[in-house]
Every structure is written in C-alpha cells, then in structure tokens.
Amino acid sequence: MKFGVIVFPGSNCDHDAYHVVSKHVGQPVDFIWHRETDLSSYDAVIIPGGFSYGDYLRAGALARFSPVMQSVRKFAAHGRFVLGICNGFQILCEAGLLPGALMRNRELHFICRHVHVRVETNATPFTRLLAPGAVLRLPIAHAEGNYFCDDATLDELEREERIVFRYCDARGRLTEASNPNGSRANIAAICNRGRNVLGMMPHPERACEDLLGSSDGSAIFSSLAATIAELAER
C-alpha cells in the first residue's frame with residue numbers, strides 16, 4: 001500500500017496529510033511535485049488544502065492545468081483512489097473530476113473553525129468504517145467553500161447517494177445556522193459516480209489527534225487504508 005500527496009505551488013496542508021498517513025495510518029507515502037506525471041506506484045493520492053497558485057485566478061483554476069492533473073484523471077479512471085481536501089476539492093471540481101463549483105462563502109469572509117458534519121453514506125471507500133448518521137467534528141479553513149450545483153446535478157447526487165457529508169449541528173440536524181458557508185443542501189463532501197474520488201471542504205487531516213481538538217478525521221483515512229488492504233488480498 002502506498003500513498004502520494006500532491007504538492008502545488010501554494011499547498012500548505014501537504015505535510016499534515018503526509019504526517020497522518022505515515023504516523024497514524026502507518027503506510028508509505030511520498031510527496032508528488034505537481035510537475036511529475038508517473039503515478040503508477042501509488043494506490044491513493046491526496047490533493048491537499050492550501051492556496052495553489054495563490055488562488056490568483058480562482059481557487060483551483062490554475063492547478064487543474066498542472067502536468068500531474070492529467071495523470072490524476074487517468075489514475076481515477078482506472079479506479080484508484082483520490083481524496084481532495086479543501087483546495088483539493090476545488091481543484092477536483094475545476095478539473096471536471098467532480099461536478100459543481102466552490103464559490104465565495106456566503107458572508108464573503110475566510111472561515112477558520114471547527115464544524116460538525118453528518119455522515120450521509122458509508123458506501124464509499126472513505127467512509128466504510130463510519131455509521132450513516134454519525135456526526136464528526138472537523139475543522140474548516142476556507143474562503144471559497146460554498147458548494148453550488150444546478151438542480152439536475154443535485155438530484156443526481158441525491159439519487160445516487162453521492163453526497164458523503166453534510167454540515168449539521170452537534171445533534172446531526174441540518175440547519176441554516178450549521179451551514180458555515182452557504183453550501184447548497186448543506187453539502188460538505190461529494191464523491192464521483194465510481195465512488196473512488198472524494199472531495200471535501202473540512203480538513204480530516206487536522207482532526208486525527210485529540211490534542212488538536214478532535215480525532216474524528218482518522219476514520220476517513222482508516223477507511224481508505226482498509227479498502228486498499230482488502231483489494232490487495234483479492
């Protein structure tokens with residue numbers, strides 16, 4: 001089992017992701033510079049948070065053209081696993097690997113705090129160890145986390161159970177007050193139709209140690225590692 005963490009100019013959560021995989025998941029992991037194109041040795045890649053290319057045009061809009069992204073498209077098409085966190089989610093949407101777009105937060109401010117999210121499905125490689133309806137406490141840190149899609153896309157996401165996490169309150173209720181950025185239908189994370197690509201705005205890699213305020217994010221990485229281990233045994 002081997003993980004890769006893609007690094008763009010401006011990535012700033014790459015070391016957090018590397019730390020979680022190497023120390024908590026206990027698996028080999030490499031940094032992958034955005035100009036590299038060979039992903040053949042990896043089982044999963046993580047596109048971390050940060051401000052790729054300074055978000056100078058639009059969050060994720062420039063990173064989608066980096067050489068590595070063409071390889072990520074092929075990687076995902078072959079059923080391998082891609083986890084995009086925060087800016088990584090934005091990049092996946094810009095690259096067409098996930099539908100919709102991330103817009104400016106409703107109040108037009110950068111938000112950095114813990115929120116609650118509800119597990120909507122455990123029928124993904126990233127949530128298989130979680131129970132539907134479980135509430136996780138995870139941090140967010142973004143200015144463009146307001147998920148938007150058209151009606152047809154929302155219907156498709158709901159029909160195919162591809163909404164993976166929704167913002168909620170501590171009791172799991174979907175309320176306007178618990179939606180920190182104005183995301184449509186309280187969406188915090190979605191997956192692709194093949195369920196091997198997940199994009200999420202909250203930072204699970206910053207919630208794997210109680211010392212940091214929550215260890216709820218560890219189950220996401222453990223779920224992915226368990227999936228890869230199971231596939232290796234077949």
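A residue counts as buried under 20% relative accessible area, as exposed over 50%, and as partly exposed in between, using a 1.4 Å probe and protein chains only. This is a predicted model, in which local features need pLDDT of at least 70 and side-chain atom pairs count only at pLDDT 80 or more, while totals for chains, interfaces and linings use all residues. Residues are numbered from 1 along each chain as its sequence is written, and side-chain values use heavy atoms, with hydrogens and water left out.

**Stop 1: the sheet**

Colour the strands. Helices (H or I, at least four residues) and strands (E, at least two) are DSSP runs numbered from the N terminus, and two strands pair if DSSP finds at least two bridges between them. Strands of a sheet pair through backbone hydrogen bonds, either parallel or antiparallel.

Here 9 strands make an open sheet with mixed pairing, in the order E2-E1-E3-E4-E11-E10-E9-E6-E7. Select 29-33 for strand E2 and 135-142 for strand E7: these are the edge strands, and each pairs on one side only. From one strand to the next, the twist averages 25 degrees. Angles like this run from 0 to 180 degrees between N-to-C directions, with axes as lines fitted to C-alpha atoms, for helices over the stretch in contact.

**Stop 2: strand E4**

Select 81-85. How many residues of E4 are buried? The count is 5 of the 5, so E4 is largely enclosed by the rest of the structure. Show the side chains: Phe-81, Leu-83 and Ile-85 point one way from the strand, and Val-82 and Gly-84 point the other way.

E3 and E4 run parallel and are joined by 4 bridges, with Ala-44 opposite Phe-81 in E4. To follow the chain between these two strands, select residues 67-77: the path from E3 to E4 passes through this helix, H2, and the β-α-β crossover is right-handed. That term applies if, with the strands pointing away from the viewer, the path from the first strand over the helix to the second runs clockwise. E4 also pairs with E11, in the parallel sense and over 4 bridges; there, Val-82 stands opposite Val-197 in E11.

**Stop 3: helices across the sheet**

Contact here means heavy atoms within 4.5 Å. Select 14-25 for helix H1, which lies across E1 (3-7), E2 and E3 (44-47) and runs at about 155 degrees to E2. Then select 218-233 for helix H5, which lies across E1, E3, E4, E9 (163-168) and E11 (197-200), running at about 170 degrees to E4.

**Stop 4: aromatic pairs**

Rings of Phe, Tyr and Trp (its six-membered ring) pair if their centres lie within 6.5 Å; planes under 30 degrees apart count as stacked, over 60 as edge-to-face and the rest as tilted. The structure holds 3 such pairs.

Select Tyr-18 and Phe-31: the ring centres are 4.6 Å apart and the planes are at 20 degrees, so the pair is stacked. Tyr-18 lies in helix H1 and Phe-31 in strand E2, so the pair ties together parts that are 13 residues apart in sequence. Tyr-18 is partly exposed at 28% relative accessibility, and Phe-31 is partly exposed at 33%.

Next select Phe-89 and Tyr-147, another stacked pair, 6.0 Å centre to centre with 15 degrees between the planes. Because Phe-89 lies in helix H3 (residues 87-94) and Tyr-147 in strand E8 (residues 146-148), this pair ties together parts 58 residues apart in sequence. Are Phe-89 and Tyr-147 buried or exposed? Both are buried.

**Stop 5: salt bridges**

A salt bridge is a side-chain nitrogen of Lys or Arg within 4 Å of a carboxyl oxygen of Asp or Glu. There are 14 in the structure.

- Arg-162 and Glu-156: the closest N and O atoms are 3.1 Å apart. Arg-162 is buried at 4% relative accessibility, whereas Glu-156 is partly exposed at 23%.
- Asp-169 and Arg-173: the closest N and O atoms are 2.6 Å apart. Asp-169 is buried at 15%, and Arg-173 is partly exposed at 43%.
- Glu-230 and Arg-234: the closest N and O atoms are 3.1 Å apart. Glu-230 is partly exposed at 34%, and Arg-234 is exposed at 73%.
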